[in-house]
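Me: Can you walk me through this structure? I'd like the ligand shell and the salt bridges.

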Amino acid sequence: MRPDLPLLQAESLSREFDLPGGGIFARKRRLEAVSEVSFSIGRQEVLGLVGESGSGKTTIGRMVMRLLPPTRGRILFDGVDLTALSGRALRAQRRRFQMVFQDPYASLNPRMRVREIVEEPLVVHGIEPDSSSRRDRVARLLERVGLSSRDMERLPREFSGGGRQRIGIARAIACGPELLVADEPIASLDLSMGAQIINLFSSLVDTDAMSLLFISHDIPMVRYLSDRVAVLYRGRIVESGPTRDVLDDPRHPYTRLLAEGTLPEAGEAAPSNAGSEPGPTGLCAFLPRCDRALPECRLAPPPRLSEGEVREVLCHLPRGESSWSPVTLLSQGSPSDVPATPSR
Ligand code: SF4
């Protein structure tokens, strides 16, 4: 363990996808879903990653989990470059970071009993090889997430959505990970179930010393749970900083829309330009929607500016915002390289 380093550092992550169409001799068209995204997550810290549908949140989560290789950039976990690992070396690290998926209905095998689902990662990683001690551990895990050891032999279909999400969380924490990546974990739950799951995450951070990348469009829940927040628009982080500072005093016009609650719900159609490549001019991707555009917005790409080393924004701010200065090369695109101080 390297306590001097953030637990996770994403450095200039980009991910491109081939677009369908074009003949075999035609030049392939590429879509840049994520572009030069950098952030870090400290130990026992929650980073909220917010943005509308199609902004690249899930792609980032999948890259952090090494379910999807980045086209460019690095992911350092506890100082180890995950992007350089494969095979056994990657598997050895993988138990240290786990994912909680959005859809508790689709992420559980309907034919497996709860005990089998939760013990599967223990078997894969060779933890608790003795079946009786493994069973005891599964019982403890179920109780940890608010289920009962009596639920072990039940099937996922016998549970509500919240119950299934608890099973998914029990599976995710089975090997004692240091980082959870939760991708819209409450999007398919009702308000009360969602609040219970959020409280469970909060307890895992506070009591079990886990860190959390909380990917969500639910601004009130992000405000409640996250120490810091990074706002994503069309694959780029456009604003970041301590959650309350960013949401109470947003500087980027897009963040202002989010904070005012005018973000489209998850699953709604993304804007037609979401996820597409920036224009050839490199001008601000938010320009067509911006109600505060300045003359310089039509002339030059937005600069990345910082204030007090903890906040960053990608925008031509109005003149007079003298406390903001261009990000130095060392932290360019790295809004969260400052060691985090958990606020909880
Ligand atoms: Fe609006 Fe200009 Fe800022 Fe883009 S750079 S968000 S167009 S003010």
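The chat below covers ground rules, the ligand shell and salt bridges.

Me: What ground rules apply?
Reply: This is a predicted model: local features need pLDDT of at least 70, side-chain atom pairs count only at pLDDT 80 or more, and totals for chains, interfaces and linings use all residues. Residues are numbered from 1 along each chain as its sequence is written, and side-chain values use heavy atoms, with hydrogens and water left out.

Me: Which residues surround the ligand?
Reply: Among them are His252, Cys284, Cys290, Cys297, Cys315 and His316. A residue is near if one of its heavy atoms lies within 4 Å.

Me: How many salt bridges in the whole structure?
Reply: The search finds 26. A salt bridge is a side-chain nitrogen of Lys or Arg within 4 Å of a carboxyl oxygen of Asp or Glu.

Me: What does Glu32 pair with?
Reply: Arg72, at 2.8 Å, N to O. Glu32 is in strand E2 and Arg72 in strand E4, 40 residues apart. Strands (E, at least two residues) and helices (H or I, at least four) are DSSP runs, numbered from the N terminus.

Me: Glu32, buried or exposed?
Reply: Buried, at 13% relative accessibility. Arg72 is partly exposed at 35%. Buried means under 20% relative accessible area, exposed over 50%, partly exposed in between (1.4 Å probe, protein chains only).

Me: And Glu119, what's its partner?
Reply: Arg115, with the closest N and O atoms 3.3 Å apart.
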